[in-house]
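Subject: A structure for you to explore

Hello,

Here is the structure I promised to pass on to you. Please open it beside this email and look for each part as you read.

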Amino acid sequence: MNLYINQLQTKADFRRAIYSGDIFLNTQLQTARDLCTFAQESITAAFDGEKNHQALHSMMPVEVFVAKVEKLKRQFTNSLRSKELIRSFTEEIGADPREYIFDVPRIRVVPHYDYLHAGVSYAYRPHRDTWYGGVDCQINTWMPVYTIEPGQTMMINPGYFDKPVQNTSRDWSLSNWMSVQRDKARENIREEVRVHPVPLEEIDTSSEIRMAGNTGEMIIFSGSHLHGTVPNYSDQTRFSIDFRLIHLDDLKNKRGATNVDGHCADVTAGYKDYFHVHDFSGFLGVQQ
């Protein structure tokens with residue numbers, strides 16, 4: 001597998017590279033920086049004008065923190081500005097917005113693990129997005145809103161890209177998650193009781209990569225990579241942004257990474273979360 005640095009815009013076959021497990025790191029995208037600026041403005045608004053964002057968890061009871069994070073997530077994810085920036089991102093990397101759909105961007109908030117690691121700040125165990133119903137041609141992006149250390153980031157484990165992991169995705173329902181469980185995040189504070197697809201075997205971390213980037217430095221990778229949240233034991237809350245792109249023709253023609261162990265049965269339930277990049281209209285499914 002390869003790591004490409006600042007080459008996403010110039011590599012015509014970047015999708016094929018991503019589907020084969022290659023990872024792209026882009027540090028110079030204007031829209032990535034703009035997304036982070038918008039995230040910072042949104043955090044300030046959700047937390048009543050407080051600008052010391054990375055210390056927010058030390059300023060209030062966890063229940064208050066959870067309520068404000070919920071407000072932040074709704075405002076950021078559902079805003080027109082977020083959608084416009086995704087379209088600008090697609091144009092900036094030289095892709096045609098008419099050829100893609102996207103899942104609205106999420107802002108992740110990861111405070112000290114002992115303060116909160118469930119619900120709105122769930123610390124994801126190692127997983128592939130295919131376990132959660134992601135399609136094989138899903139392209140993931142991820143970037144920190146503020147500079148982070150390796151102990152605050154997200155890990156990717158390339159050694160498992162084509163190596164199956166025993167997991168519980170066969171018994172997990174995306175439809176139930178979207179209709180019932182997702183909205184129960186606020187109820188999960190002391191522990192995560194919602195069911196997630198998880199590994200059933202110990203993961204070898206020897207090939208794990210932890211990218212510690214600066215504001216707006218984005219990694220782009222296949223949703224089929226094994227990845228997860230690094231437990232944050234630092235005194236700074238980690239904020240990050242991620243969103244997903246799918247190329248419509250690749251989806252229609254079933255091009256993408258090899259599915260080595262994903263067994264989620266109701267993948268199409270997730271389509272309702274996707275929008276066409278060029279005009280933000282809802283995605284209704286693949287037209288045959």
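Below is what I found, one topic at a time. Please keep in mind that this is a predicted model.

Let's start with a helix. Helix α3 covers residues 62-78, which makes 17 residues. From its first C-alpha to its last it reaches 24 Å, close to the 24 Å expected at 1.5 Å a residue. Several of its residues are buried, among them Val62, Phe65, Val66, Val69, Leu72, Lys73 and Phe76. An α-helix has 3.6 residues a turn, so residues three or four places apart point the same way.

Next, the aromatic rings. The model has 13 aromatic pairs. One of them joins Tyr124 and Tyr132 edge-to-face, with 5.9 Å centre to centre and 65° between the planes. Tyr124 is partly exposed, at a relative accessible area of 24%, whereas Tyr132 is buried, at 13%. Tyr132 also forms an edge-to-face pair with Trp172, with 5.1 Å centre to centre and 70° between the planes. Where do these two partners sit in the chain? Tyr132 is in the loop between β3 and β4 (138-144), and Trp172 is in the loop between β5 (154-157) and α5 (174-181), so their pair ties together parts that are 40 residues apart in sequence. Trp172 is buried too, with a relative accessible area of 7%.

Another ring to look at is Phe275: Lys83 lies over its face, at 5.2 Å from the ring centre.

Finally, a look at the backbone. Most residues other than glycine have a negative phi, and most peptide bonds are trans. Asn6 has a positive phi, near 55°, and lies in the loop between β1 (3-5) and α1 (14-19). Lys254 has a positive phi as well, near 60°, and belongs to the loop between α6 (248-252) and β10 (274-276). Is each of them buried or exposed? Asn6 is partly exposed, with a relative accessible area of 24%, while Lys254 counts as exposed, at 74%.

Enjoy exploring, and write back with any questions!

Best wishes

Technical notes: Residues numbered from 1 in each chain as written. Predicted model: local features only at pLDDT ≥ 70, side-chain atom pairs only at ≥ 80, totals over all residues. Heavy atoms only, no water. Helix = DSSP H or I, 4+ residues; strand = E, 2+ residues; numbered from the N terminus. Expected span 1.5 Å × (residues − 1). Buried < 20%, exposed > 50% of the residue type's maximum accessible area, 1.4 Å probe, protein only. Phe/Tyr/Trp six-rings, centres within 6.5 Å; stacked < 30°, edge-to-face > 60°. Lys NZ or Arg CZ within 6 Å of the ring centre and 35° of its normal.
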